[in-house]
Amino acid sequence: MFAKRLKQMRKKRKLTMQEVADFVGVAKSTYAGYESGYRQPTIESIQTISRKLRTSADYLLGLTDYSELPAEVNHNAKEYLNVEQLHWDGVPLEKDDLDLIRNLLDRVLRDRGLTKEE
């Protein structure tokens, strides 16, 4: 499974064997051995390959069927509160609810003297 997924992801990302081999720091023939199943990379090499292919090592190893990495989480509450269909434990939050939350957080920052000049 590893060899098959490795080749599929490399082609999906439109990379050559040489490009991946260079990134990993191995000879092209060594990398070709990974894709053919003739050779097994080290754990460190698998991690490096997964970074180059923008996928998880778990996907390459067959531990998950999700090839795409999850999107990075945005930790800015101000931006997050602009997401549609937010809910609190299953109860949908309406516009007025979100406005109240925004005002509360603005007040917290103002009271702490941390407001930004707009």
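Author: Arg 54 sits in the loop between α4 (43–52) and α5 (57–60). Keep in mind that this is a predicted model. The phi angle of Arg 54 is near 50 degrees, a positive value in a residue other than glycine.

Another loop, the one between α1 and α2 (17–24), holds Lys 14. Lys 14 also has a positive phi without being glycine, with a value near 60 degrees. Lys 14 counts as exposed because its relative accessibility is 72%, and the cut-off for that word is over 50%.

Now for the inside. The largest nonpolar core has 14 residues, and Leu 6, Val 20, Tyr 31, Ile 49, Leu 53 and Leu 60 are those with the most contacts within it. Two or more residues of this core come from each of α1, α2, α3, α4 and α5.

Take Tyr 31 from that list. Skipping its neighbours within four places in sequence, Tyr 31 touches Leu 6, Arg 10, Met 17, Val 20, Ala 21, Val 26 and Ile 49.

The axes of α1 (residues 2–12) and α3 (residues 28–36) come within 6 Å and cross at roughly 115 degrees. On the α1 side, the contact uses Phe 2, Ala 3, Leu 6, Lys 7 and Arg 10, while α3 brings Tyr 31, Tyr 34, Glu 35 and Ser 36. Sorted by type, the residues of this contact are 5 nonpolar, 1 polar and 3 charged.

Key
Residues are numbered from 1 along each chain as its sequence is written. This is a predicted model: local features need pLDDT of at least 70, side-chain atom pairs count only at pLDDT 80 or more; totals for chains, interfaces and linings use all residues. Side-chain values use heavy atoms; hydrogens and water are left out. Axes are lines fitted to C-alpha atoms, for helices over the stretch in contact, and angles run from 0 to 180 degrees between N-to-C directions. Helices (H or I, at least four residues) and strands (E, at least two) are DSSP runs, numbered from the N terminus. Contact means heavy atoms within 4.5 Å. Ala, Val, Leu, Ile, Met, Phe, Trp, Tyr, Cys and Pro count as nonpolar, Asp, Glu, Lys and Arg as charged, and the others, Gly among them, as polar. Buried means under 20% relative accessible area, exposed over 50%, partly exposed in between (1.4 Å probe, protein chains only). A nonpolar core is a set of buried Ala, Val, Leu, Ile, Met, Phe, Trp, Tyr and Cys residues joined through side-chain atoms within 4.5 Å.
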